[in-house]
Amino acid sequence: MPRPREFQISLSDTPYYHCISRCVRRAFLCGEDKQTHQSYEHRRQWVEDKLLFLPQVFAIEVCAYAVMSNHTHFVLHVNEQQALNWNTTEVLTRWHKVFKGTLLTQKYQSLAENERDTLSQSELLAIEQTTVIYRKRLMDISWFMRVLNESIARQANKEDNCTGRFWEGRFKCQALLDESALLACMAYVDLNPVRAKMATTPETSSYTSIKQRIKHIIQNQQQPSTLKPFVGNPRKDIPNGIPFELNEYIELVEVTGRCIREDKAGHIDNNLPSILTRLNIEPESWLIMTKQFTKVFHGAVGNEQVLQNFSENLQLKRRPNLSSCRRLLA
């Protein structure tokens, strides 16, 4: 039985989460239907555009993504501190980018800053209470996925002149509890099109974060502003970002992609990036995780200690994935 989101997300344990959404009946509603040969390829662009727009609204950043023919993979980072630092105006401005809000919040936003003193105390109190609710929603992964998936479903149903579900009822969510889990999941997501034989290389895999990152490096010599940046190795006063070197991550994805190919299955290049050594991940375990991440892990992912803390904080009776985490992440 699916668990409520409150038992899957614990920001005190980790801000990183892997989310998966599937089309109904796993049909090819975002790519090309293999039976009818009808193409829905343009809808993948809808998903990518909406996904990269939403961090302008939510305190949630995109670390990695892959928009496939019948499902999507996202690795998201919840920036709780960013949301807590927003003032009332910032919260309402962001909320009104995707929702109408209330008559009071609209009135508040329409007034100049020096005119807001004309509002009564009861109106200001109501606005403040509403802001508290909106702030929580703007750092809530469920609301992020709701806005994303609902808008795509409405566009698709309008195009097909029909009603009904486009996505399965719930999206899957995995907590990524440490750097090893985060790195393995991001590589797994970025290599999805290569594994599915939809692309031959990471830089040619359309609608993926790895292609976006490589494209920006080639064109602008900088990281895309729509994705959470790589900021280098962990150190004191590290800036907000993914704690790895971007060039090492790209090299790691490239090497892993070669290992996944049928003609080189099970063989890993001897000249491995040092990042695996730093994280104490065995090459064989790394290959298993990046090929079968969602098969070997069915819940929160991380080493045994952080998994124990996560389970205690959410008052879980058992630790999910314990044997797989011991085997692959110990």
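**Confidence first**

I then looked at residues 264-275, where the pLDDT is below 50. Beyond near neighbours in sequence, that stretch still has 24 contacts in the model. I'm keeping in mind that this is a predicted model, and where pLDDT is low, the predicted coordinates should not be read in detail. For the protein chain, I noted a mean pLDDT of 83, with 86% of the residues at 70 or more.

**Cysteines**

How many disulfides does the structure hold? I found zero. I checked Cys23, and its closest cysteine sulfur is in Cys30, 4.0 Å away, which is too far for a bond because a disulfide needs the two sulfur atoms within 2.5 Å. Cys185 is in no disulfide either; from its sulfur to the nearest cysteine sulfur, in Cys19, I read 9.3 Å.

Are these two buried or exposed? Cys23 is buried, at a relative accessible area of 0%, and Cys185 is buried, also with 0%.

**Glu80**

Next I looked up Glu80, which lies in helix 2 (residues 80-85). Glu80 is partly exposed, with a relative accessible area of 34%. Which residues does Glu80 touch, not counting those up to four places away in sequence? I got Leu11 and Met139. I also noted Ser12: Glu80 and Ser12 are 68 residues apart in sequence, and their C-alpha atoms are 10.0 Å apart in space.

Definitions and conventions: Residues numbered from 1 in each chain as written. Predicted model: local features only at pLDDT ≥ 70, side-chain atom pairs only at ≥ 80, totals over all residues. Heavy atoms only, no water. Buried < 20%, exposed > 50% of the residue type's maximum accessible area, 1.4 Å probe, protein only. pLDDT = per-residue confidence, 0-100. Contact = heavy atoms within 4.5 Å. Helix = DSSP H or I, 4+ residues; strand = E, 2+ residues; numbered from the N terminus.
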